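Okay, thanks for making time, everyone. Let me put the structure up and walk you through a few things in it.

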Amino acid sequence: MLESFGSFLSNTGVAALFQTGAGDAIKTIIMLAVACVLLYLAIVKKYEPLLLLPIAFGMLLTNLPMISESNAIMMHTEWFTDSKYMINEHGHMNIDVGMIVRNGGLLDLLYLGVKLGIYPPLIFVGIGCMTDFGPLIANPKSILLGAAAQFGVFFTFIGALVLSASIPALGWGVKEAASIGIIGGADGPTAIYVTKSLAPALLPAIAVAAYSYMALIPIIQPPFMKLLTTKKARGVVMEQLRPVSKTEKIIFPIVVTLVVAFIIPDAVSLVGCLMLGNLLKESGVCDRLAKTAQNELMNIVTIFLGTTVGATATASSFLTPSTLGIVCLGLVAFIFSTCGGLILGDIMYVLTKGKVNPLIGSAGVSAVPMAARVSQTVGQKENPSNFLLMHAMGPNVAGVIGSAVAAGVFLSMFNGL
């Protein structure tokens, strides 16, 4: 009886925590504390809870102290990042799906959806079903604002390379720099899609940074919106957008898919799924599919994606100087993306002789519809009769396309390296 009780005690999480050594135990406790802070932000502060909560709980699960031989281990991050497990007999990177299916835990199996690039495109199908491209079609020049807001992506890409050259310990190459830069697109699924292919070791830090800053857009953007625009320009009331016909809304996703496929094929996985979801909605003949995509499918994939990405945030991968650099550069990316859209908005304001409110430029980042709501809020503070939401939705949905295209550019340039 005593032996059985002793065996039980030796297999508890408390025993596992003490067996790892003081240093590793402290790191484990820190990661559990970080997970609890993120849960607090998601539940109490309501910062992007639909994704931040699953990410935080996944982080909690993966950092629970477990005996290494225990069947309770749900995630083996080394199987997806360590070359010992991923390089095959031909010297190529390869996921041993058979080993994962035979020996993996629950989160190992679900994480295959991230590693194989399944979840982000499926989320884009749901986003497409919930997106109205009417404001963009009615005001095509909005796509320029969405493109300008990708400035932060490429600026941060270069900044990451420069920083890594100055601090070699970070160990960032072009693949890591591209993954960090894509945070500026303000699109979590896109950031995950790029990072899982180019720099999987950075996935937990990049995912947490991307979704945290998306949630903080109402705090990050307004100071720069006021800094880069005049009071007079912020108060501009824009003309009502023209009505968009159903035919235009049906043709748009087909044309965009074809154009992107011919120019940047690597972006088709994201853009094509986005446009598929939108066509399901706008065609009017697939109501059941559209409702499923934007509700059941979107919700299920969000749970799987958030929990498994959070589960990659182990102490060894998260508590590093690289993570601190990613958090700082992620903020830089968001700021410069916002500024890029605002500066082009100022230029449009001048060229149109005051007909364009430059505040809509800040909505060029891809956080739909949060960034558009921030443009509306700031504009209405300057002029209570101002309603910028629909005008801001044009650059906002253009930003979704822009961030996916930027992701395709990085993948086409660096994925084969």
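Predicted model: local features only at pLDDT ≥ 70, side-chain atom pairs only at ≥ 80, totals over all residues.

Start with D132 and K249, where the closest N and O atoms are 3.4 Å apart. That one links distant parts of the chain: D132 sits in the loop between α9 and α10, K249 is in helix α18, and they're 117 residues apart. D132 is partly exposed, at 25% relative accessible area.

Next up, E382 with K231, at 2.8 Å between the closest N and O atoms. E382 is in helix α23 and K231 in helix α17, so this pair ties together parts that are 151 residues apart in sequence. Partly exposed or exposed? E382 is partly exposed at 21%, while K231 is exposed at 58%.

Then there's E282 with K281, 3.5 Å from N to O. Here E282 is buried, at 11%, and K281 is partly exposed, at 28%. And back to shared partners: K231, R234 and E382 are joined into one network.

Okay, the inside. The largest nonpolar core has 119 residues, and F133 and I326 touch the most other members. Helix α24 gives the most to this core, with 12 residues. As for I326, its contacts include W172, I180 and L202.

Conventions
Residues numbered from 1 in each chain as written. Heavy atoms only, no water. Core = buried A, V, L, I, M, F, W, Y, C linked by side-chain atoms within 4.5 Å. Buried < 20%, exposed > 50% of the residue type's maximum accessible area, 1.4 Å probe, protein only. Helix = DSSP H or I, 4+ residues; strand = E, 2+ residues; numbered from the N terminus. Contact = heavy atoms within 4.5 Å. Salt bridge = Lys/Arg side-chain N within 4 Å of Asp/Glu carboxyl O. Lists of a residue's contacts leave out its neighbours within four places in sequence.
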